[in-house]
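Me: I would like to go through a structure feature by feature. Please give the general idea each time, and then the case at hand.

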Amino acid sequence: MTPPPQKKRTLNKATRTIGVVTVARSDYGIYLPLLRRIQQDPDLKLHLIVSGMHLSPEFGLTVKAIEDDGFDIGERVEMLLSSDTPEGIAKSMGLGTMGFAQVYARFRPDILLVLGDRFEMHAAAVAALPFKVPVAHIHGGELTQGAIDDALRHSMTKLSHLHFVSTQEYAQRVIQLGEEPWRVVACGALSLDNLPTTRLLNREEFADQFGITLPGKFLLVTYHPVTLEYDQTERQVGELVAALDAVGLPVLFTMPNADTEGRVIRRLIEEFLFKHPDSKGIENLGTQGYFSAMALATAMVGNSSSGIIEAASFSLPVVNVGTRQRGRLRGRNVIDIGYTHPEILAGIKKATSSGFRESFSNLVNPYGNGHAAERIVDRLKKVKLDDRLLQKYFYEMDS
């Protein structure tokens with residue numbers, strides 16, 4: 001459905017332009033409540049910079065979904081090579097840095113907003129450094145010890161001037177990295193702001209929208225490359241699909257990110273789907289579709305951050321496979337297991353048992369209550385854009 005046209009508004013002289021970088025469907029879904037709040041605020045102007053997987057037909061060309069949601073695309077930065085080797089990823093990072101540099105040479109936002117830990121997002125942050133563009137970073141301080149994302153995230157913390165973190169624990173870690181406390185706001189996880197405004201689809205509506213009929217019991221599976229273990233990808237995913245085959249429940253797969261060896265995962269998923277016609281795969285569900293699938297699923301399996309952050313709000317059992325999310329704060333709904341077929345199978349059996357959901361019936365999501373966007377916008381509006389913001393000092397913590 002085509003969204004209603006946005007009303008044009010007259011910008012006052014004090015209006016701040018917020019450049020927001022989005023590189024994949026995953027960060028866009030998280031950003032969405034913040035983008036709408038920035039768009040509606042008379043003191044802010046949204047300038048959307050789109051890059052990475054959004055511009056790739058291989059990953060669904062999801063820039064179209066952004067436009068369908070009523071957002072103007074301010075800039076497009078092509079950077080992904082058609083390769084998921086370490087060399088291909090490193091070259092894409094270089095292309096991204098050059099592409100974002102060209103953007104900042106002709107347009108500098110008052111504040112640049114970046115999110116998370118992907119290599120495409122890191123390129124946007126590092127290119128901003130010579131231009132003295134203040135950078136605000138969302139989801140710093142977290143740990144994902146099985147992926148290169150961990151190093152990229154902490155690097156982005158040091159490249160950034162404001163930090164919007166999801167918990168007090170992560171705020172403390174950002175300060176531990178030498179960031180001055182006044183720069184850090186513990187705002188909660190931004191993705192949870194979507195929950196009150198997202199109408200969940202029932203099974204019939206889901207089938208109408210995506211052409212996929214969800215059975216009474218099914219597993220939602222999202223598995224991304226473990227980039228510090230990319231040479232083990234085929235073995236790891238082979239163990240996963242063997243366990244899924246053994247458990248016998250239909251599976252709804254969402255596809256992996258554009259990371260090292262991502263094509264291996266896609267191939268093994270496609271082979272599983274060929275052998276199991278009751279299971280389905282889809283490139284992009286969007287926020288409404290993904291939340292609806294989480295609400296309807298019997299359990300979630302894989303290594304996605306959504307199993308750690310959002311799933312608790314649905315009281316959804318999660319079988320977290322391997323090391324990709326190691327170090328992140330998690331709720332009692334998460335079962336951490338290794339990579340072997342027996343471990344994964346045992347985890348799924350526990351997650352789908354009658355008593356497991358009851359064991360965390362009063363679960364409180366450790367990532368907050370869904371008011372992150374208003375806290376972020378308030379800070380973006382009030383922070384002084386002066387030398388104090390740009391000139392960072394290393395904060396020494398008391399021993």
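Me: What do the side chains of Glu-169 and Arg-173 form where they meet?

Reply: A caution to begin with: this is a predicted model. As for the general idea, side chains of opposite charge can pair when their charged atoms come close. Here the side chains of Glu-169 and Arg-173 form a salt bridge, at 3.9 Å from N to O. Glu-169 has 37% relative accessibility and therefore counts as partly exposed.

Me: Where do Glu-169 and Arg-173 sit in the helix relative to one another?

Reply: An α-helix has 3.6 residues a turn, so residues three or four places apart point the same way. Glu-169 and Arg-173 are 4 residues apart in helix H6 (residues 168–176), which means that about one helical turn separates them.

Me: Which salt bridge involves Arg-267?

Reply: The side chain of Arg-267 meets that of Glu-271 in a salt bridge, with 3.4 Å from N to O. Both residues belong to helix H9 and are 4 residues apart, about one helical turn. Arg-267 is partly exposed at a relative accessible area of 33%, and Glu-271 is partly exposed at 36%. Elsewhere, salt bridges with shared partners join Asp-117, Glu-142, Asp-150, Arg-153 and Arg-328 into one network.

Me: How many salt bridges are there by this rule?

Reply: The count is 24, taking a side-chain nitrogen of Lys or Arg within 4 Å of a carboxyl oxygen of Asp or Glu. One of them is between Arg-263 and Asp-84, whose closest N and O atoms are 3.8 Å apart. Arg-263 lies in helix H9 (residues 262–275) and Asp-84 in the loop between S3 and H3, so this pair ties together parts 179 residues apart in sequence.

Me: Are Arg-263 and Asp-84 buried or exposed?

Reply: The partners fall into separate classes. Arg-263 counts as partly exposed, at 31% relative accessibility. Asp-84 counts as buried, at 13%, because buried means under 20% relative accessible area.

Me: Which residues of H3 are buried?

Reply: In H3 the buried residues are Gly-88, Ile-89, Ser-92, Gly-96, Gly-99, Phe-100, Val-103 and Tyr-104. They lie on the same side of H3, because the arc they cover around the axis is only 135 degrees. The other side of H3 has Glu-87, Met-98, Gln-102 and Ala-105 exposed. As for its span, H3 has 21 residues and reaches 31 Å from first C-alpha to last, close to the 30 Å expected at 1.5 Å a residue.

Me: Which residues make the nonpolar surface patch?

Reply: Leu-81, Leu-95 and Met-98 make a patch of about 250 Å². Leu-95 is placed in helix H3 (residues 86–106) and counts as partly exposed, with 34% relative accessibility. Met-98 is among the exposed residues of H3.

Me: How many residues of helix H5 are buried?

Reply: Helix H5 (residues 149–159) is mostly covered, with 8 of its 11 residues buried. These are Asp-149, Asp-150, Leu-152, Arg-153, His-154, Met-156, Thr-157 and Leu-159. Their cover includes H3, S4, H4, strand S5 (135–138), strand S6 (162–165) and H6. Asp-150 and Arg-153 are also members of the salt-bridge network.

How values were computed: Residues numbered from 1 in each chain as written. Predicted model: local features only at pLDDT ≥ 70, side-chain atom pairs only at ≥ 80, totals over all residues. Heavy atoms only, no water. Patch = residues over 30% accessible without salt bridge, like charges linked within 9 Å, V, L, I, M, F, W, Y side chains within 5 Å. Areas by Shrake-Rupley, 256 points an atom, 1.4 Å probe, with all protein chains shown as cover. Helix = DSSP H or I, 4+ residues; strand = E, 2+ residues; numbered from the N terminus. Buried < 20%, exposed > 50% of the residue type's maximum accessible area, 1.4 Å probe, protein only. Expected span 1.5 Å × (residues − 1). Arc of directions from axis to C-beta. Contact = heavy atoms within 4.5 Å.
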